[in-house]
Amino acid sequence: MGKGDLRTRRGKIYNGSHGKKLPGRVKKAAPVTRTQAAPPARGGRAR
């Protein structure tokens, strides 16, 4: 552990990362919305 390790103080100074230890969370893509509504489900039990 030393200059190549971004989790150490010396590694941050060497790399110039200004204390950013690990990459941030990746945002998920927006869910795809349906353009057409599904037909209503039929109630009751199958016979």
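Which side chain of opposite charge is nearest to Asp-5, a residue with no salt bridge? The answer is Arg-7, at 5.1 Å. Welcome to this predicted model, a protein chain of 47 residues with 1 helix and 0 strands.

**The chain as a whole**
- The protein chain holds 1 helix and 0 strands.
- Of its 47 residues, 11% are buried.

**Asp-5, before the helix**
- You will find Asp-5 in the segment that comes before H1.
- Asp-5 is buried, yet it takes part in no salt bridge.
- Such a bridge needs a side-chain nitrogen of Lys or Arg within 4 Å of a carboxyl oxygen of Asp or Glu, while Arg-7 lies 5.1 Å from Asp-5.
- Setting aside neighbours within four places in sequence, Asp-5 touches Gly-11 and Lys-12, with which it is in contact.
- Between the C-alpha atoms of Asp-5 and Asn-15 there are 9.0 Å, with the two residues 10 apart along the chain.

**Ser-17, after the helix**
- Ser-17 sits in the segment following helix H1, which covers 9-15.
- Ser-17 counts as buried because its relative accessibility is 14%, and buried means under 20%.
- Leu-6 and Lys-12 are in contact with Ser-17, once neighbours within four places in sequence are left aside.

Note on methods. Residues are numbered from 1 along each chain as its sequence is written. This is a predicted model: local features need pLDDT of at least 70, side-chain atom pairs count only at pLDDT 80 or more; totals for chains, interfaces and linings use all residues. Side-chain values use heavy atoms; hydrogens and water are left out. Helices (H or I, at least four residues) and strands (E, at least two) are DSSP runs, numbered from the N terminus. Buried means under 20% relative accessible area, exposed over 50%, partly exposed in between (1.4 Å probe, protein chains only). Contact means heavy atoms within 4.5 Å. Lys and Arg count as positive and Asp and Glu as negative; His and the chain ends are not counted.
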